[in-house]
Amino acid sequence: MNLADMLTYADIGQLTAIAGRYECECKRNSKHDLIQSILITLGSREFMESHIRGCTPEELRFLNTLLFDERSHFSLEDLLAAARQACFDTPSGKSGSYRDMVSRFKNGGWLFTGASQQSRYLFQVPLDLKNRFRDRMGEHLKEGITPSPEPAMYRGEGDLLAGDLLLFLRYVKENEPELGQEGALYKRNQQGVMNALQIAEPLLGKGGWRFGYGRACEHYPPRFALLYDYARHRRWISEEGYRLKLTALGEQFLEEGKSEKLMQLFSFWLRLYKGAIPNLPSLVYWISLSAGRWVTVASLSEGLGWLIKPFYYDDAGAILEQRILRMMLHLGMIRLGEGAEGPVVMMTPWGSEAAVPKLLLK
């Protein structure tokens, strides 16, 4: 539902609060006057611009979470969890009440309870406000991004990830490599896999922390870990008896000789990294809007870093460059190069298409 519809169902108490928040000039005892005044104020071109510039980073993160959530209704607990997550860099004890944040957005015309018996305790965000906020937020973020000339050389991996999935399965079929006590391939077998793939990665060294980005990330470098976790997710490989073997499903897939669609691998990557980077779909979308042409990675990090919650020893910059951009390169979504001011990036046509969440295509 759009704002006009939700205002019609709202009680006069909420309408009065919204009108007071934006200092609307109207008769406070007339519901019709209140609705018309609020629609004029919130529908103006200046409103969204001033609203975004007036919001704190925590408030913008909160709205960003609601913007990319596929659910149309939220419980109070959902909203409080979103508010808590948005305040990750606020010093403990100074964040105020998460309920206060929810109340501010309710009194600001962003959150409305449902009109039916089933939805009276659930909240909705007006669809037209969502769309206008998304458009203006995209423009706001792009203002801080630095364009760059096309680099003399750049790297793109196209659909090599899908091809390497088949090569990995073929290696497993032909070698049935041994697994160690920890359930991981021995280094010699890992190197054997790397030699078989089109894109090889350095094997992991000793030490360091490795968790949160899928099960296989503990033992293998990121690109291969994604392939391994995906093959296990599809039940194409089994780890029984300290041997890595192809299952009947894996045999069938390999015999068909069809490459897996990159969209399948991309969707799996979003789910796999969701625990560590909860707002990953929105970050991919904002990157796609910001990097439609060559831009500097440094300006992307500066412009989007405030949206990224650090994950243990990974700060926002490391998450953007190593966990997001590097994996988007492997998925064929971006090209990476080296410009005069450091690393530069640009979306590929496939990457720009895939980055748009399904909820925005409805």
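A disulfide here is a pair of cysteine sulfur atoms within 2.5 Å. Keep that in mind for a later stop. You're looking at a predicted model, where local features need pLDDT of at least 70 and side-chain atom pairs count only at pLDDT 80 or more, while totals for chains, interfaces and linings use all residues. Residues are numbered from 1 along each chain as its sequence is written, and side-chain values use heavy atoms, with hydrogens and water left out.

**The whole chain**

Start zoomed out. The C-alpha atoms fill a box of roughly 80 × 50 × 45 Å along the principal axes. Switch to cartoon view and you can look for 17 helices and eight strands (DSSP runs numbered from the N terminus: helices are H or I with at least four residues, strands are E with at least two). Of the 362 residues, 49% count as buried, meaning under 20% relative accessible area with a 1.4 Å probe, protein chains only; exposed is over 50%, and partly exposed is in between.

**The cysteines**

Searching the whole structure turns up zero disulfides.

**The nonpolar core**

Next, select Phe 62, Phe 168, Trp 269, Ile 324 and Met 328. These have the most contacts inside the largest nonpolar core, which has 114 residues. Such a core is a set of buried Ala, Val, Leu, Ile, Met, Phe, Trp, Tyr and Cys residues joined through side-chain atoms within 4.5 Å. In soluble globular proteins, nonpolar side chains tend to be buried together.

Stay on Met 328 and show its surroundings. Leaving out residues up to four places away in sequence, Met 328 touches Trp 269, Val 284, Ile 287, Met 333, Ile 334 and Met 347; a contact means heavy atoms within 4.5 Å.

**Trp 294**

Last stop: Trp 294, in the loop between α14 (280-290) and β6 (295-296). Then pick Gly 339, which is 45 residues from Trp 294 along the chain, with 9.5 Å between their C-alpha atoms.
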